[in-house]
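Reader: I would like to learn how the words used for a protein model are tied to their definitions. Could you take me through some of them slowly?

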Amino acid sequence: MLHPSRRSVLVGGAAFTAWTAIPTIVRAAGPRDPRFVSIILRGGLDGLALVAPVGDPAYESVRDEFSMPLEGPDAAIALDGFFALNPRMPRLAELYRKGEALFVHAAHTAYRERSHFDAQDVLENGTGSAGHYQDGWLGRILRTLPVDERMATSGAFAAATTTPLTLRGADHVVTWLPPGFAEASDDTRARLMMMYEHTDPVLAKAMAEGIALSGVTGSEAESGAAVDAMLQGMDAKGFQREVVSAATAAGRAMAGDDGPRVGFLDMSGFDTHLRQSVTEGRIGRALSALDLAIGALRDSMGPVWGNTVVAVMTEFGRTVRMNGSDGTDHGTATVAMLLGGAVKGGRVVADWPGLAPNALYEGRDLAPTTDLRAVLKGVARDHLGLSPRVLGVDVFPGTQTLAPLDGLVRRV
Amino acid sequence: MRSPALTAATRFGLGPEPGGGPSREDLAAELDHKEAAIVRGPDLATLREAYVSADRTLRTAARAFRQGGRSEAAEMARDDARQARNQIMREAEADEIAARYAHGVTTRHPFLERLVLFWSNHFAVEAQKVPVRVVAGNYEREAIRAHVTGRFGDMLAAAITHPAMLLYLDNARSFGPNSPIGRRRGKSAVNENLARELLELHTLGVGGGYEQADINELALVLTGWSGGMEPRARSPVFDRRWHEPGTRTILGTRYPQKGEDQLRAVLDDLAAHPSTAAHIAGKFARQFVGDDAPDDLVEALRRSFVDTGGDLAELAFTLIAHPAAWVDEPAKVVPPYDFLVATGRALKAADVDQRFIRRAAETMGQPMWKPPSPAGWAYKDTDFLGGDSVLERVDFAGIMVRRYGKGVDARRLARSLMGDDLDPFVAETVDRAEDRHQATVLLLMSPPFQRR
């Protein structure tokens with residue numbers, strides 16, 4: 001069994017083969033027609049509860065009765081001998097086994113305080129400081145792409161009420177929420193469409209766009225059926241249904257030839273100050289929902305999953321020790337994930353800082369060792385074909401010296 | 001050619017009106033009825049007291065639970081205390097949403113209401129943090145409505161010193177290094193969020209001539225303005241113990257005033273600054289008339305703002321007095337909340353469950369008091385039309401008509417609301433609908449309800 005020393009780079013399963021041949025100026029993405037999805041877990045996911053460092057000698061003492069069980073019906077899923085996955089995530093485990101999931105542990109944003117709102121701003125705007133609302137890093141990526149690029153022309157799909165900060169700055173973002181009200185009949189829609197065509201081109205265009213969108217995400221009945229299939233036999237809460245609906249709609253929209261190439265989803269429920277537990281409790285419920293959403297996204301994307309990278313991230317991690325309410329408080333580093341057929345997965349990448357008391361950030365948090373922006377830059381360079389210069393100046397301003405992580409994406 | 005009455009009802013009002021829209025004189029007359037913009041509700045002191053007391057009880061109970069061996073009884077007491085605090089928040093929100101909607105549907109001064117919506121959005125707060133959710137509606141009533149035909153400087157001062165704004169933009173816990181608290185703790189915690197937005201969004205505007213140094217100085221002026229909803233033993237709106245003493249220099253002017261007077265002096269000068277007049281004039285013109293509002297309209301508004309010392313009734317009058325504001329081609333999409341109110345007015349449905357209002361606003365893309373950033377809703381000409389938002393509007397109209405439009409004769413209503421402006425194609429679509437329900441839905445979705 002691999003027992004990594006502190007600060008070594010971990011490579012679960014396969015070796016960390018650096019492939020450096022990727023051209024950085026020439027557009028590498030071309031014929032692959034890549035797709036990219038950003039999933040934000042709001043509230044601050046406890047990285048230790050999702051991917052537990054069961055091989056760390058200090059792990060059991062800090063988590064005590066809430067350590068991940070290694071045997072029994074709820075046993076953790078071994079990833080690489082050092083890390084183990086929460087058993088509430090069977091679909092994610094399957095992706096990992098197929099080499100389509102990669103974990104980056106002790107990942108962090110540029111933010112070091114403890115406010116959710118500011119931390120989410122920093123995560124989404126990619127600038128290193130809160131209070132910048134004009135545009136987000138993914139919006140800037142889309143704006144930077146050549147105008148004839150498939151990814152730029154087909155726009156982005158956001159399962160949100162309004163354009164999320166991550167995507168602000170992009171020219172064409174379609175927002176979508178699970179159908180809120182009983183739908184008007186096709187007949188009413190057709191009559192209205194005809195009225196707009198004769199009276200108001202702006203409304204006619206918007207109506208046509210809405211109808212086209214409901215065509216790709218499926219009618220309420222169709223997507224409802226897909227969601228039911230996914231939740232079959234489960235005692236699904238309203239909240240699970242909501243995230244599965246959003247993931248299904250995003251996946252269906254992105255699966256089409258004419259569909260958007262970029263997607264955005266978010267989900268809350270990770271601010272587990274109280275009764276977090278580990279396989280049960282709040283984190284168990286939130287992770288179950290996340291696992292269902294991941295499965296729904298994969299299933300609904302169909303064959304295009306093979307050209308997809310999904311980045312799953314959160315604004316910060318949580319305290320290493322449990323608090324007095326069986327929960328954890330706001331912390332610093334945590335785990336991030338890359339999922340999809342284009343991911344060179346089946347491994348955990350970590351410059352592991354350790355859980356010993358003197359290794360903790362400010363004596364309480366998992367220490368930050370891998371900048372999330374280096375991960376995203378690696379994906380943006382190798383999957384979407386952006387140059388490191390653009391990434392360091394325009395997309396993540398001021399990060400010219402932060403090298404993109406190599407080898408995150410499969411070579412075609 | 002659209003009639004001026006329909007332009008007035010849509011561009012300056014809350015949708016088509018039975019019997020035709022108002023004249024320019026009718027609109028001007030609304031500006032003399034400042035009391036008509038008022039919505040009654042609990043005052044700030046009452047809400048603060050209720051919240052602060054419940055929050056204190058919660059904190060005491062939480063401490064007792066943590067320090068007292070985490071007994072089950074103590075846990076229950078804490079959870080009850082949290083319930084009680086959150087109940088105050090939920091009730092306040094429910095009452096404010098119901099009151100705002102009912103006022104919008106029943107007011108005979110819809111132009112005033114549009115001005116309220118403009119200014120409430122200009123001084124946007126987001127009802128996200130618990131204490132902000134408690135007072136967001138009060139903020140609109142006491143800081144915005146009360147000054148909507150008054151002076152800009154008064155509205156500015158009322159908005160900036162209201163706890164909703166102070167807490168939303170993180171000023172509540174800001175303190176300077178030489179404040180009594182700063183000295184005792186041997187550090188400072190100056191938050192510049194509010195100072196930055198105050199200059200960039202509320203007054204001078206981007207490129208309005210300020211620098212980072214001005215933001216730093218203004219942030220120090222703002223220290224001590226806690227909003228009075230903090231869990232401290234004593235929590236006044238302005239807390240001298242947290243205020244950084246000393247003279248500050250902003251935009252070249254020295255402010256030697258002490259305590260609260262310092263901020264008031266700064267705000268007076270910012271309200272009177274030429275950049276503020278230019279910023280407000282441009283935004284006012286674009287949001288009422290369109291993204292391409294002509295320069296001479298903007299210039300007339302700017303001059304009015306300067307000449308009258310920021311008189312907001314005069315500003316509104318200048319808008320409706322200008323020919324460019326009356327071009328008959330609609331430019332802007334009616335935002336979801338305004339459409340929601342217009343639907344309520346057309347169906348005479350003032351008493352609607354606030355949970356439905358809240359959900360409808362959110363589903364159509366404009367959740368109440370939850371703008372995407374301190375800049376508020378952008379209100380560009382075709383904003384709010386993305387994705388499937390038109391379909392959401394149809395579905396919303398469908399529910400409203402089912403619940404509140406039983407006795408409505410859409411054919412007659414169409415003629416009453418639009419008179420000679422009724423587009424023959426709209427008339428035909430409504431007249432040939434397959435049933436009464438569909439006819440009314442189609443009428444509510446017709447361009448005069450969606451574009452202005």
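Author: What follows is a set of questions about terms, each answered by setting a value against a definition. This is a predicted model, in which local features need pLDDT of at least 70 and side-chain atom pairs count only at pLDDT 80 or more, while totals for chains, interfaces and linings use all residues. Residues are numbered from 1 along each chain as its sequence is written, chains are lettered from A and ligands numbered from 1 in the order in which they are written, and side-chain values use heavy atoms, with hydrogens and water left out.

Reader: Why is B:Tyr379 called buried?

Author: Buried means under 20% relative accessible area, exposed over 50%, and partly exposed in between, with a 1.4 Å probe and protein chains only. B:Tyr379 has a relative accessible area of 13%, so this residue is buried. It is found in the loop between helix 17 (354–363) and helix 18 of chain B, and its phi is near 55°, a positive value in a residue other than glycine.

Reader: What makes A:Glu362 exposed?

Author: The relative accessible area of A:Glu362 is 55%, and therefore the residue counts as exposed. A:Glu362 lies in the loop between strand 12 (347–351) and strand 13 (370–371) of chain A, where helices (H or I, at least four residues) and strands (E, at least two) are DSSP runs, numbered from the N terminus. Its phi is near 50°, again a positive value in a residue other than glycine.

Reader: How do you know what span is expected for helix 18 of chain B?

Author: The expected span is 1.5 Å times one less than the number of residues. Helix 18 (residues 389–404) has 16 residues and reaches 22 Å from its first C-alpha to its last, close to the 22 Å expected. This helix of chain B is also mostly covered, with 13 of its 16 residues buried.

Reader: What makes a space a cavity, and how many are there of 30 Å³ or more?

Author: On a 1 Å grid over the protein atoms alone, a cavity is a set of points where a 1.4 Å probe fits but cannot get out, whereas a pocket is an open set with protein on both sides within 12 Å along at least five of seven lines; lining residues have an atom within 4 Å of a point. By this rule the count comes to 11 cavities of 30 Å³ or more. Of the 18 residues lining the largest cavity, those closest to its centre include B:Trp369 and B:Trp377.

Definitions and conventions
Points joined across faces, edges and corners; volume = space filled by probe spheres on them.
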